[in-house]
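Me: Can you walk me through this structure? I'd like to talk about pockets and then a helix.

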Amino acid sequence: MSRLAMADELLILALCASSDGWVIGRDGKVRLPPHLDLGLAAAELARHGPQPGLPQRIVSVAAGRPHLRRIAALREQGRVVVCERPARGLFHDRTVTRLSAPEYGAEYAIVDRLLTALRGLPAHHDTVALLAIMRACDLHRRWFRDLPRRERARKIDGLTRDHWLRVAVESAIVAELAWPAAANGTL
């Protein structure tokens, strides 16, 4: 099996980290975890190397929702599936449409590569870049629970603290969070 693109790997890891999958709303939109769209946009842009104004480009690419095309492609490959799951409510039961990832082993191969980097062994620059984006999007905690919290933070930060993708995604997150406050005049 060929290696997936970094954005596909990020998407699969994020989806596998969610025990119930992601809800697909009645409008057909997938409800992604916070800031994952920015991480996916950064992974898309990473193929082209660092660029001026990267945080703003990340926000603009994320607004174009390229993750929807990635999800559709992964569905065609059978790497993610749409399923109906019962959701119990306080007053009624209903069915919720969710996107989930069946276990097929690719997520474990990705995590093994990431753990190799965390152990201090030589790692490909794409592996460190994926780890940097995961750290910026706060996905690292879900996959590296076996490592003690402080050791995990020290190792990940040691590898990614100054990585251009982590800095760019974190800046894009700050810009995205600040935008509504600025628009409301509360800044």
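Reply: Start with the lining of the largest pocket: eleven nonpolar, four polar and nine charged residues. This is a predicted model: local features need pLDDT of at least 70, side-chain atom pairs count only at pLDDT 80 or more, and totals for chains, interfaces and linings use all residues. Residues are numbered from 1 along each chain as its sequence is written, and side-chain values use heavy atoms, without hydrogens and water.

Me: What counts as a pocket, and as lining?
Reply: On a 1 Å grid over the protein atoms alone, a pocket is an open set of points where a 1.4 Å probe fits, with protein on both sides within 12 Å along at least five of seven lines. Lining residues have an atom within 4 Å of a point.

Me: How much space lies in the largest pocket?
Reply: About 420 Å³. Of its 24 lining residues, Tyr108, Val111, Arg142, Trp143 and Phe144 are the closest to the centre.

Me: Which helix gives the most to that lining?
Reply: H5, with five residues. Helices here are DSSP runs (H or I, at least four residues), numbered from the N terminus.

Me: Switching to H4. Which of its residues are buried?
Reply: His67, Arg70, Ile71 and Leu74, in helix H4 (residues 67-77). Buried means under 20% relative accessible area, exposed over 50% (1.4 Å probe, protein chains only).

Me: Why do they line one face?
Reply: Seen down the axis of H4, they fall within an arc of 100°, so they line one face. The arc uses directions from the helix axis to the C-beta atoms.

Me: What's on the face turned away?
Reply: Exposed Arg69 and Glu76.

Me: And what follows H4?
Reply: Glycine 78, with a positive phi near 80°.

Terms used. Helix = DSSP H or I, 4+ residues; strand = E, 2+ residues; numbered from the N terminus. Points joined across faces, edges and corners; volume = space filled by probe spheres on them. Nonpolar A, V, L, I, M, F, W, Y, C, P; charged D, E, K, R; others polar.
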